[in-house]
Amino acid sequence: MLLRKVTQSPAICSTVFRLQPAITGAQRQTGAVVAVQNGRFYASQAAEAVLDKNVVGSDATMTAEKLDKMAIVESKSFAVNMFKGQISTSQVFPFPSVLNEEQSQFLKELVGPCSKFFEEVNDPMKNDALEKVEELTMEGLKEMGAFGLQVPADLGGVGLTNTQYARLVEIVGMHDLGVGITLGAHQSIGFKGILLFGNPQQKEKYLPKLATGEHIAAFCLTEPASGSDAASIKTNAVRSPCGQYYTLNGSKIWISNGGIAEIFTVFAKTPMKDEKTGEMKDKITAFIVERSFGGVTHGPPEKKMGIKASNTAEVYFENVRVPAECVLGEVGGGFKVAMNILNNGRFGMAAALSGTMKGVISKAVDHAANRTQFGNKIHNYGAIQEKMARMAMLQYVTESMAYMVSGNMDSGATEFQIEAAISKIFASEAAWLVTDECIQIMGGMGFMKDAGVERVLRDLRIFRIFEGTNDILRLFVALNGFQNAGNQLKSLQKALKNPFGNAGMLASEITKRAKRKAGLGTGLTLQGTVHPELNHSGELTVKAIEQFGAVIEELLLKHGKRIIDEQFVLKRVADCAIDLYAMVVVLSRASRSLSQAHPSAQHEKMLCETWVTEAHERVMQDIKFLRSGTSKQIFKNLRAISAAVVENGGVVSPHPLGF
Amino acid sequence: MSARVLVGVKRVIDYAVKIRVKPDRTGVVTDGVKHSMNPFCEIAVEEAVKLKEKKLVKEVVAVSCGPQQVQETIRTALAMGADRGIHVEVSGKDYETLGPLQVSKILAALAKKEQADLIILGKQAIDDDCNQTGQMTAALLDWPQGTFASEVNIEADKLKVVREIDGGLETIKINLPAVVTADLRLNTPRYATLPNIMKAKKKKIANVKPADLGVDVSSRLEVLKVDEPPQRQAGVKVETVHDLVGKLKEAGRI
């Protein structure tokens, strides 16, 4: 994963340290700055910085206007802004309703037949036992059009929008994740590249057969030595001297549909001349590779813990001749293609998993409502009630995130990568917890194959690993957030070069920080945006966002560029970001239900309030921990323990018995 | 053959839904409840589409009576292969009291208007279980009827129908035009595929009012009340036949 470096704001840091201890008369003249004279750390430092005579006047030509423009390459993404302690509501409130009458009607008509197929024809237990999707089912899915849901209708597909696709994928997720991955590996990532980056010729050539399922597709990125570190792949494609084709060599592992696909989206290193330096560099290029090109072979199906019905195999490319027309996107632009494909498909996972959770929760309910122990139905006991409630909340959040992200995508949003990553992390972990708890509620029955839940748990495990491991995605969320926050600080730094021209802006920034530090609100509020009945939850969320923005800045100032390596910190930052996004998403959904007076509105209000209260606590705790001195020591200890265990090749402490 | 088939499809509460009686006991709860095409109507549509695929009929027209929502049901029929649809608009009070007599009058009028050669209906609807519409329609048109069909074949210009009756199977030969009602084992309805649903969007659904057909939909029946079936009481075990007879006499049953 290519992690862009976080910028540091040297000007602020350096000016902060070039303190003029005495407060001069000039300060009193700089209007609003005076208001914040309580000697709070940031206020005084920044105020002093304003006065630093070395800085003033150096960039006097920088007018306030120019600066405003710079500062406002504002992102609409909620997540990006939350890292800056700001609330951008345009993408999150109101909860997106992106389907028009016709699309809604059409979707409703699709849900019935799709559900029916999965209830009556598809046999998940059989698929799991055979470690293959049954022939009849595959045929049925192809006839049903399930292999080309997002291919435009004029090329033979169903032409669904992201939201419509999410709704159908939810049905698949509810019944059979093995089939879900077979379909997803094919269309969500396998040929998504052609949809996103293909030229008209490529689309016309490949999409029709892919849409009907005549050809199956696969996404080939991972190699034995390159998993999370995707940029380090070794498969290479060398351009022929005549320029007409590339020769592809390499091997990919764990490719879903690898054994049954005809069309492969393959990522390989292509040697390219750097225009500036003239030296040869290896850059990744994406290729559409047909099995019929020759030289493409695959290994036997891997034996897995779950999603057994989905074919996973190694794919080998030996001197495969790939025509130059098969380059997908730009030569050398393959990394971007890969990341965009994965980013584009992530909402699908959250949607599918929200369906899985629904299915599993009904099984748990069915058991809890009918099982009698100690003279009562077990759903009357607190222990079971807590489990059920938590399961319901996790499902509610996941579902809300899935449709928030898909709604944003359908509305034309271009910045949703943080939210998509958050939804993948949340959904995969929530689904695991919910299914695990379902088995717990069902007791011994849950452990038995026939109940059908243990299969779901086994199927779910991979979701925390593939398509970007949750650990990497957490780093991505945190670092992406830091980068944006860092840019904000950068523009502040520029403002500091012309403080008098930007006195207003600087003053408000200073005030904001001082207020935040003092625990006072900075004027941000969600009142008027959320439904009045949710005002309290809205305020909790705002407080959490304000403190989050503050701690992000503190961490940036403390670590600068080295924040990239502080993974203990990054993980906790990401956890906060996930909780905050979750809070906002349920506030939005519950607000909508209340405004529309849904019969379930009061129930949703309860889900929302409970979630927000607990998430707020978690976020505040994490922030407190990150600010504390203890955290430094704990991280140090964790690092040391790990080093010792690694050095020892295992557990270090000797056996309590001495042998 | 240039035959035109009229297929009636009814929108009913989905078979899997748990029915609940409205608190005022005037009917069952329908708001927000999942509805779908009556299963026997699905079988009827499937049979009509099969006949078209065998090239024994030329056009299949799906008809439904009711409010706006029945268009969904007609669309399902179109997705299964019907060529066009007719939505007979009946809503509000009229819809609540719409029964076999009114529907059969509508179907008879439509059959004449559309010059249909064959009407295929489901044998009964799973909500009212009347089992009357097919028979009434045939009577109004003075057409022969083949009800409870488990097999239908067109031979020359006659219809051979195998009927499921109490004693077994009865095979009859009737003249066309005729009315056929579909029973469970007639066929297995196909799944509407997503591409077919898309194609169905382009097919036409005409709107008609009962008045246009000269039909009066007022009902001669009044529903007094609707109740849930009585809760099943626990049974009583007895030792001997003597006791059983005694208990029955006590309960006034014999």
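## Where the chains meet

Start at the interface of chain A and chain B, where three salt bridges turn up across the boundary. Keep in mind as you click around that this is a predicted model.

Side chains with opposite charges can pair up when their charged atoms come close. To see one such pair, select Lys116(A) and Glu42(B): the closest N and O atoms of this salt bridge are 3.6 Å apart. Glu42(B) sits in helix H1 of chain B (residues 39–53), while Lys116(A) belongs to helix H6 of chain A (residues 101–120), so the pair crosses between chains. If you count salt bridges over all chains, the structure holds 42.

On the chain A side, 18 residues are in contact with twelve residues of chain B. How much area do chain A and chain B bury between them? It comes to about 1400 Å², with 67% of that on carbon and sulfur atoms. Which residues of chain A lose the most area to chain B? Select Phe106(A), Glu109(A) and Met144(A): together they make up 34% of what that side buries.

## Two stretches with names

Stay in chain A and select residues 102–214. UniProt, in an unreviewed entry, lists this span as "domain: Acyl-CoA dehydrogenase/oxidase N-terminal". Switch to a cartoon view and you'll find 73% helix and 0% strand here, with the end C-alpha atoms 29 Å apart.

## Two helices crossing

For the last stop, pick helix H14 (residues 382–410) and helix H22 (residues 601–627), both in chain A. Their axes are 10 Å apart, and the two helices pack at an angle of about 95 degrees. That makes H14(A) roughly perpendicular to H22(A).

Show the side chains where they touch:

- From H14(A): Arg390(A), Ala392(A), Met393(A), Leu394(A), Tyr396(A) and Val397(A).
- From H22(A): Glu604(A), Leu607(A), Thr610(A), Trp611(A) and Glu614(A).

What kinds of residues make the contact of H14(A) with H22(A)? Colour them by type and you'll get seven nonpolar, one polar and three charged.

Notes:
Residues numbered from 1 in each chain as written. Chains lettered and ligands numbered in written order. Predicted model: local features only at pLDDT ≥ 70, side-chain atom pairs only at ≥ 80, totals over all residues. Heavy atoms only, no water. Axes fitted to C-alpha atoms, helices over the stretch in contact; angles between N-to-C directions. Helix = DSSP H or I, 4+ residues; strand = E, 2+ residues; numbered from the N terminus. Parallel < 35°, antiparallel > 145°, perpendicular 65-115°, else oblique. Contact = heavy atoms within 4.5 Å. Nonpolar A, V, L, I, M, F, W, Y, C, P; charged D, E, K, R; others polar. Buried area = accessible area lost by both parts, 1.4 Å probe. Salt bridge = Lys/Arg side-chain N within 4 Å of Asp/Glu carboxyl O. UniProt positions renumbered as here; feature names shortened; annotations may be inferred.
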